[in-house]
Amino acid sequence: MVEVANASHADTDWLVREDASSGEAWVSRCVTLGEYLVAKEGSEIVGFLRFSRFWGRVPYMEMIRVLPGHRRSGVGTALFLAWEEAMRGEGARLLMTSSECDESRPQDWHRRNGFTETGAIELPGLQSVPEVFFIKPIA
Ligand SMILES: CC(C)(COP(=O)(O)OP(=O)(O)OC[C@H]1O[C@@H](n2cnc3c(N)ncnc32)[C@H](O)[C@@H]1OP(=O)(O)O)[C@@H](O)C(=O)NCCC(=O)NCCS
């Protein structure tokens, strides 16, 4: 049975380890601001969702990741649905996310959750392939 909750500071070490590209300072900042959800099975964390807000107001899912041994059992969906519900509760009318253009599996997963592709941008010097953006109206 998976339970989704806001991450707490007690989860910081796990998040620093598993959300490795973020670094400790950014992880702590996001935990403090409530920009992490974690999925727990019992006392074990098995996945997380990290977000921010485009223009400071449009919820933007930056990363969702489920530990390899726990995939395809509904954990990612539980994280996403809890986030969508929380954002709707805040009055959001649109959700955003993005992915590298050659990552077809995460993109399929985003589409499965109701996102549609809305465009791509090139990021010379940062990434060798364009980043594709997805939106989901939730009003
Ligand atoms: C993408 C990810 C978060 C999905 O989480 P998950 O817990 O494995 O997904 P769920 O079990 O909730 O999936 C729900 C449904 O989507 C399907 N699904 C799972 N992964 C999928 C994928 N990569 N592509 C298409 N469908 C997928 C499942 O079969 C399931 O369908 P079903 O209920 O009909 O069997 C997880 O696979 C992951 O961490 N991947 C690596 C990191 C990543 O790519 N993150 C996304 C980009 S930031």
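## Two exposed loop residues

In this predicted model, Arg 72 sits in the loop that runs between S4 and H3. Arg 72 counts as exposed, because its relative accessibility is 82%, and the cut-off for exposed is over 50%. The phi angle of Arg 72 is near 60 degrees, which is a positive value in a residue other than glycine. Most residues other than glycine have a negative phi.

Trp 55 also has a phi near 60 degrees, again positive and again in a residue other than glycine. The loop that holds Trp 55 lies between S3 and S4. With a relative accessible area of 64%, Trp 55 is exposed.

## The chain as a whole

The protein chain has 4 helices and 7 strands. Read from the N terminus, these elements follow the order β-α-α-β-β-β-α-β-α-β-β. The radius of gyration of the protein chain is 15 Å, close to the 14 Å that the globule rule gives for 139 residues, so the chain is as compact as a globular protein of that length. Along the principal axes, the C-alpha atoms fill a box of roughly 40 × 35 × 30 Å.

Of the 139 residues in the protein chain, 39% are buried. The chain exposes about 7900 Å², and carbon and sulfur atoms supply 52% of that area. Where contacts join residues at least 6 apart in sequence, 54% of them link residues at least 24 apart.

## Two domains

The domain assignment divides the protein chain into domain 1 (1–55 + 63–91) and domain 2 (93–139). Their C-alpha centres lie 19 Å apart. The contact between them takes 11 residues from domain 1 and 9 residues from domain 2.

## The nonpolar cores

How many residues does the largest nonpolar core have? This core has 18 residues, and Leu 49, Trp 83 and Leu 95 are those with the most contacts inside it. At least two residues of the core come from each of strand S2 (36–41), strand S3 (44–54), strand S4 (58–66), helix H3 (75–89) and strand S7 (131–137). H3 gives the largest share, 5 residues. The core also draws on both parts of the domain assignment, with at least three residues from each of domain 1 (1–55 + 63–91) and domain 2 (93–139).

Setting aside neighbours within four places in sequence, Leu 49 is in contact with Glu 35, Tyr 36, Leu 37, Met 61, Met 63, Ile 64, Leu 79, Phe 80 and Trp 83.

## Val 31 in helix H2

Helix H2, which spans residues 24–33, contains Val 31. The relative accessible area of Val 31 is 7%, and the cut-off for buried is under 20%, so Val 31 counts as buried. Beyond neighbours within four places in sequence, Val 31 is in contact with Ala 7, Ser 8, His 9, Thr 12, Leu 15 and Tyr 36. Val 31 and Arg 65 are 34 residues apart in sequence, and their C-alpha atoms are 16 Å apart in space.

Asp 19 belongs to the loop between helix H1 (12–18) and H2. Is Asp 19 buried or exposed? Asp 19 is buried, because its relative accessible area is 1%.

Which side chain makes a polar contact with the side chain of Asp 19? The partner is the side chain of Arg 50, at 2.6 Å. Leaving out neighbours within four places in sequence, Asp 19 is in contact with Tyr 36, Phe 48, Arg 50 and Met 63.

## Gln 107 in helix H4

Gln 107 is part of helix H4, which covers residues 104–112. Gln 107 has a relative accessible area of 7% and is therefore buried. A polar atom of the Gln 107 side chain lies 3.4 Å from the backbone oxygen of Cys 101. Not counting residues up to four places away in sequence, Gln 107 touches Ser 99, Glu 100, Cys 101, Asp 102, Val 132 and Phe 134.

Note on methods:
Residues numbered from 1 in each chain as written. Predicted model: local features only at pLDDT ≥ 70, side-chain atom pairs only at ≥ 80, totals over all residues. Heavy atoms only, no water. Buried < 20%, exposed > 50% of the residue type's maximum accessible area, 1.4 Å probe, protein only. Contact = heavy atoms within 4.5 Å. Core = buried A, V, L, I, M, F, W, Y, C linked by side-chain atoms within 4.5 Å. Domains from an automatic or database assignment. Polar contact = N/O pair within 3.5 Å; in protein donor to acceptor, adjacent residues only side chain to side chain. Rg over C-alpha atoms; globule rule 2.2 N^0.38 Å. Areas by Shrake-Rupley, 256 points an atom, 1.4 Å probe, with all protein chains shown as cover.
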